[in-house]
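Please look over the sequence and the three-dimensional structure shown here before reading on.

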Amino acid sequence: MPTHVSVIEAKGDFVQGIKDCIPTLLGYLSIGFAAGIIGKTAGLSTAEVALMSLLLYAGSAQFILAGMVAAGHSATAIIITVFFVNLRHFLLSAALSPYFRHLTPFRNMLIGSLLTDETFGVAIGQTANRKALGEKWMHGLNLAAYSNWFAANVAGAILGQWIARPEQFGLDFALPAMFIGLLVLQMLSRGTIATDISVAVFAVIVVVGIGWMWSGSIAIIVATVAGATLGMVIERWK
């Protein structure tokens with residue numbers, strides 16, 4: 001009887017992971033569709049776009065790769081650029097690793113290899129309500145996102161020949177909109193809206209101030225670090 005119950009719970013965790021991925025799927029569809037279009041216009045075949053979505057599986061890196069391919073850059077330059085663009089995934093995996101210390105390195109690799117900015121956002125939001133993240137839940141979350149991204153890339157590669165300007169449909173805003181939605185859901189689940197808003201206002205002030213003196217990219221990085229530091233100090237102080 002206990003075995004039967006554990007099987008049901010395991011299946012439930014996997015299905016729940018799929019359900020928790022649903023808020024991100026629209027963003028995956030739109031950005032993945034745009035990535036497929038850009039890959040095709042860069043000269044890649046539909047099969048190459050599909051393979052890239054399966055092996056690389058990174059929106060920003062795929063956009064950069066397509067642009068570099070279209071510009072005729074060498075394979076070495078493309079590989080090095082994509083590597084540095086995706087270095088943040090080491091930080092994302094490291095942030096979630098304490099929840100999976102009990103797993104073998106291979107099982108951790110299966111989870112980490114499909115981790116993205118979006119699934120990390122959903123997972124870290126769940127940590128506000130639970131002390132542990134289930135392995136089955138993470139697989140449900142990751143596989144739902146992965147399969148949706150693949151389908152969107154292929155659809156974009158196939159249908160993109162009839163869409164010359166994807167930005168006119170708002171696809172260029174889909175990724176920021178998705179992250180805004182994830183942020184709002186995480187703020188509501190944490191129950192510390194006053195603190196979160198204070199950190200957000202502080203980050204905006206920093207990014208505007210730094211932006212006047214240096215580039216916008218530097219301003220965003222500084223504001224991110226400063227905001228995270230302030231949030232940590234407030235949490236520790238409370």
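The model is a predicted one, in which local features need pLDDT of at least 70 and side-chain atom pairs count only at pLDDT 80 or more, whereas totals for chains, interfaces and linings use all residues. Residues are numbered from 1 along each chain as its sequence is written, and side-chain values use heavy atoms, with hydrogens and water left out.

Threonine 24 belongs to helix α1, which covers residues 2–41; helices (H or I, at least four residues) and strands (E, at least two) are DSSP runs, numbered from the N terminus. Because its relative accessible area is 1%, threonine 24 is buried, where buried means under 20% relative accessible area, exposed over 50%, and partly exposed in between, calculated with a 1.4 Å probe and protein chains only. Threonine 24 and glycine 121 are 97 residues apart in sequence, yet their C-alpha atoms are 9.7 Å apart in space.

## The overall fold

The protein has 11 helices and zero strands, and of its 238 residues 36% count as buried. Contact means heavy atoms within 4.5 Å, and among the contacts between residues at least 6 apart in sequence, 75% join residues at least 24 apart.

The buried residues of α2 are Val49, Ala50, Met52 and Ser53. Seen down the axis of α2, these residues fall within an arc of 160 degrees, so they line one face of the helix; the arc is that of the directions from the helix axis to the C-beta atoms. An α-helix has 3.6 residues a turn, so residues three or four places apart point the same way. The exposed residues Ala47 and Leu55 are carried on the face of α2 turned away from its buried side.

Tyrosine 57 is placed in the loop between α2 and α3 (59–70). Although tyrosine 57 is not a glycine, it has a positive phi of about 50 degrees, and at 7% relative accessibility it counts as buried.

## The second largest pocket

On a 1 Å grid over the protein atoms alone, a pocket is an open set of points with protein on both sides within 12 Å along at least five of seven lines, a 1.4 Å probe being the one that must fit, and lining residues have an atom within 4 Å of a point. The second largest pocket has a volume of about 300 Å³, where grid points are joined across faces, edges and corners, and the volume is the space filled by probe spheres set on the points. Its lining is made of 18 residues, of which Asn86, His89, Gly112, Ser113 and Leu115 lie nearest its centre. The lining divides into 12 nonpolar, six polar and no charged residues.

At least two residues of this lining come from each of α2 (46–55), α4 (75–85) and α5 (88–96), and α5 gives the most, with three residues. Histidine 89 is in helix α5 and is buried, with a relative accessible area of 17%. Leaving aside its neighbours within four places in sequence, histidine 89 is in contact with Leu115, Thr116 and Asp117.

Valine 201 is found in helix α10 (residues 193–213), and at 45% relative accessibility it counts as partly exposed. Its C-alpha atom is separated by 9.0 Å from that of glycine 227, which is 26 residues apart from it along the chain.

Threonine 229 is found in helix α11 (residues 216–237) and also counts as partly exposed, at 39% relative accessibility. The C-alpha atoms of threonine 229 and valine 199 are separated by 9.3 Å, and these two residues are 30 residues apart along the chain.

Terms used:
Ala, Val, Leu, Ile, Met, Phe, Trp, Tyr, Cys and Pro count as nonpolar, Asp, Glu, Lys and Arg as charged, and the others, Gly among them, as polar.
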